[in-house]
Amino acid sequence: MKVYDTSSQPLPALLAQAQRDGASMIIGPLLKNDVEQLYNDNAGAAAAGTLNVLALNQPEHLQSRPNICYFALFPEDEARDAANHIHQQGRQPPLLLLPRGALYASSRSYQADAGPDYRLEMERLEFSDIPLLTGDNPALLSQISAQFRGDYSLVRLYAMGMDAWTLANHFSEMHQLPGFQVAGETGTLSATPDCVINRTLSWLKYERGQLIAAR
């Protein structure tokens, strides 16, 4: 593996350098304007050549490209997953998220190290988060959270890196197999026909001071 800094020189030059270095797969770029350049700029597209690219962001206007897939941790993905979860529970009318009453919440409401008082106060609240933070692999979570001193925003970014590596090793399947799906640390990952990666998150709820799976 070799790391290229997109702030060090123009993207087409970096892609050309990667090809000269013998790369066949690129993970990145991360910044949206770099992905836009890769996607829309003739020099960027030409420099990509035959490289397979797993971009870690997504352009505004998407068209299918045979050598590019898109993987990003968008808030919109969580909102879409939440809408599906609520619909599956048979709740049809629109819901308002308010400070009082029975609410749903996003992953940013979750504190993996919260004590019993907090858990009791959150009674019956349902929320989603990435599998790495919901207890699927406690030993790995403990190791990573210690490394980042409990900064869960960095833990999420680390999980994204783990999943990017997994997806890079399944690049052909993502493009060629309808219904492709793999269990990742940021969710259950699936690919659209345009090779945009969607995520289905883990859903939990507080019940009597404990966390249980939400049905």
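The following legends describe close-up views of a predicted model.

**View 1. The salt bridge between K2 and D21.**
The structure contains four salt bridges, and one of them is formed by K2 and D21. The closest N and O atoms of K2 and D21 are 3.3 Å apart. This pair links distant parts of the chain: K2 belongs to the segment before helix 1 (11-20), and D21 to the loop between helix 1 and strand 1 (25-27), 19 residues apart. K2 has a relative accessible area of 55% and is therefore exposed, whereas D21, at 37% relative accessibility, counts as partly exposed. Side chains of opposite charge can pair when their charged atoms come close.

**View 2. The salt bridge between E60 and K32.**
A salt bridge brings together the side chains of E60 and K32, with an N to O distance of 2.6 Å. E60 is placed in the loop between strand 2 (52-55) and strand 3 (68-70), and K32 in helix 2 (residues 32-40), so the pair ties together parts that are 28 residues apart in sequence. The relative accessible area of E60 is 55%, so this residue is exposed. For K32 the value is 31%, which means that K32 is partly exposed.

**View 3. The salt bridge between K205 and E207.**
The side chains of K205 and E207 also meet in a salt bridge, at 3.7 Å from N to O. Is this pair within the limit for a salt bridge or beyond it? The nitrogen must lie within 4 Å of the carboxyl oxygen, so the pair qualifies. K205 is partly exposed, at 23% relative accessibility, and E207 is likewise partly exposed, at 35%.

**View 4. The aromatic pair of F148 and Y158.**
The count of aromatic pairs comes to two, and F148 and Y158 form one of them, in an edge-to-face arrangement. Their ring centres are 5.8 Å apart, and the angle between the planes is 65 degrees. Planes over 60 degrees apart count as edge-to-face, which is why this pair receives that description. F148 lies in the loop between helix 6 (138-147) and helix 7 (152-168), while Y158 lies in helix 7, ten residues apart, and the pair thus links distant parts of the chain. F148 has a relative accessible area of 23% and is partly exposed; Y158, with 34%, is partly exposed too.

**View 5. The disulfide between C69 and C195.**
The structure holds one disulfide, which joins C69 to C195 with an S to S distance of 1.8 Å. The torsion about the S-S bond is about 70 degrees, so the disulfide is right-handed. C69 is part of strand 3, and C195 is part of the loop between strand 7 (188-191) and strand 8 (197-200); the pair therefore ties together parts that are 126 residues apart in sequence. Both C69 and C195 are buried.

**View 6. The two sides of helix 6.**
Which residues of helix 6 are buried? They are L140, L141, I144 and S145. These residues cover an arc of only 120 degrees around the axis, so they lie on the same side of helix 6. An α-helix has 3.6 residues a turn, so residues three or four places apart point the same way. On the other side of helix 6, the exposed residues are P138, A139, Q143 and A146. Helix 7 is included in what covers the buried residues of helix 6. Just after helix 6, R149 adopts a positive phi of about 55 degrees.

**View 7. The largest nonpolar core and the contacts of I197.**
The largest nonpolar core consists of 15 residues. Within this core, the residues with the most contacts are F71, L167, M174 and I197. Helix 7, helix 8 (171-176) and strand 7 are the elements that give two or more residues to the core. The largest share, three residues, comes from helix 7. Leaving aside residues up to four places away in sequence, I197 touches Y70, F71, L167, M174, L189, S190 and A191.

Definitions and conventions
Residues are numbered from 1 along each chain as its sequence is written. This is a predicted model: local features need pLDDT of at least 70, side-chain atom pairs count only at pLDDT 80 or more; totals for chains, interfaces and linings use all residues. Side-chain values use heavy atoms; hydrogens and water are left out. Helices (H or I, at least four residues) and strands (E, at least two) are DSSP runs, numbered from the N terminus. Buried means under 20% relative accessible area, exposed over 50%, partly exposed in between (1.4 Å probe, protein chains only). Rings of Phe, Tyr and Trp (its six-membered ring) pair if their centres lie within 6.5 Å; planes under 30 degrees apart count as stacked, over 60 as edge-to-face and the rest as tilted. A disulfide is a pair of cysteine sulfur atoms within 2.5 Å. The arc is that of the directions from the helix axis to the C-beta atoms. Contact means heavy atoms within 4.5 Å. A nonpolar core is a set of buried Ala, Val, Leu, Ile, Met, Phe, Trp, Tyr and Cys residues joined through side-chain atoms within 4.5 Å.
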